[in-house]
Number of protein chains: 2
Amino acid sequence: MGDSVLQPNLDAAFGQLTEFWSPRVVATANGQYVKVAKVKGEFVWHAHADEDEFFLVRRGELTIRYRDRPDVVLREGDFHVVPKGIEHNPLAREECWVVLVEPADTRHTGDTVSDMTKSIEEQSASLG
Amino acid sequence: MGDSVLQPNLDAAFGQLTEFWSPRVVATANGQYVKVAKVKGEFVWHAHADEDEFFLVRRGELTIRYRDRPDVVLREGDFHVVPKGIEHNPLAREECWVVLVEPADTRHTGDTVSDMTKSIEEQSASLG
């Protein structure tokens with residue numbers, strides 16, 4: 001048992017985010033990325049053909065709009081999985097902090113490319 | 001856009017846990033389980049040959065002891081990935097609430113079987 005080592009902190013990672021809708025990777029495990037994102041306003045309608053997407057709201061309120069089922073409202077501490085292949089669109093009226101878990105190769109706008117699309121490289125850039 | 005639906009909440013899930021070292025599955029995505037666990041005291045030394053294990057502390061303080069590297073101390077909001085194949089032992093002096101993300105077939109005591117071992121079925125039982 002050696003010296004102990006301090007570890008990264010979720011809120012510290014959120015504190016380093018300066019741009020909305022620009023997820024950043026904070027951990028990798030089993031081919032999955034854990035990401036943090038600050039969001040505000042409406043994103044874009046999209047689907048991930050092969051990947052489920054886990055959402056956990058850390059702060060604020062996130063609505064996930066669906067075309068084929070009731071919308072989902074997530075408040076602080078609430079979580080939800082968007083199933084693969086299902087079209088959805090996240091929406092936050094005020095600033096909202098979201099933790100995401102999804103496969104490393106998931107494109108955050110799915111099959112949709114828009115001027116909000118961030119590459120995996122942009123998402124993997126170091127924070128701070 | 002239909003009626004909105006309330007979603008499960010992490011702290012509500014923790015509130016339903018009545019036993020230490022008994023993780024419960026709260027979400028599934030991409031073959032991974034998201035689990036919540038209340039822990040107190042020392043667990044058992046073990047390794048997961050093929051699975052990384054993501055830890056996020058929701059409340060309290062968790063030490064992850066290693067044999068071959070410095071221990072890790074996680075406080076509220078801190079997170080850490082235990083790499084596959086690395087022997088480790090979690091330890092909490094006081095009650096601690098932990099979120100785990102790991103492959104659905106991960107045995108929480110790894111290759112070690114002890115009287116603390118909970119089956120995947122036990123971990124998948126509904127809360128509440």
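**Exercise 1. State how many salt bridges the structure holds over all chains, and examine the one between A:R59 and A:D11.**

Solution. A salt bridge is counted when a side-chain nitrogen of Lys or Arg lies within 4 Å of a carboxyl oxygen of Asp or Glu. By this rule, the predicted model holds 18 salt bridges over all chains. In one of them, the side chains of A:R59 and A:D11 meet at 3.9 Å, N to O. A:R59 belongs to strand β4 of chain A and A:D11 to helix α1 (residues 10–16) of chain A, so that the pair links distant parts of the chain, 48 residues apart. Helices (H or I, at least four residues) and strands (E, at least two) are DSSP runs numbered from the N terminus.

The model is predicted: local features require pLDDT of at least 70 and side-chain atom pairs pLDDT 80 or more, whereas totals for chains, interfaces and linings use all residues. Residues are numbered from 1 along each chain as its sequence is written, chains are lettered from A and ligands numbered from 1 in the order in which they are written, and side-chain values use heavy atoms, without hydrogens and water.

**Exercise 2. Determine how chain A is related to chain B.**

Solution. Superposition is by least squares on the C-alpha atoms of residues with pLDDT of at least 70 in both copies. A rotation of 180° with 0.0 Å of shift along its axis places chain A on chain B, with an RMSD of 0.0 Å. The two copies are therefore related as by a two-fold rotation axis. The same surface serves both: 100% of the contact residues of chain A recur in chain B.

**Exercise 3. Describe the interface of chain A and chain B.**

Solution. First, with contact meaning heavy atoms within 4.5 Å, 39 residues of chain A are in contact with 39 residues of chain B. Next, the buried area (accessible area, 1.4 Å probe, lost on putting the two parts together and summed over both) is about 3,200 Å², and carbon and sulfur atoms give 57% of it. Finally, β2(A) gives the most to the side of chain A that touches chain B, with four residues.
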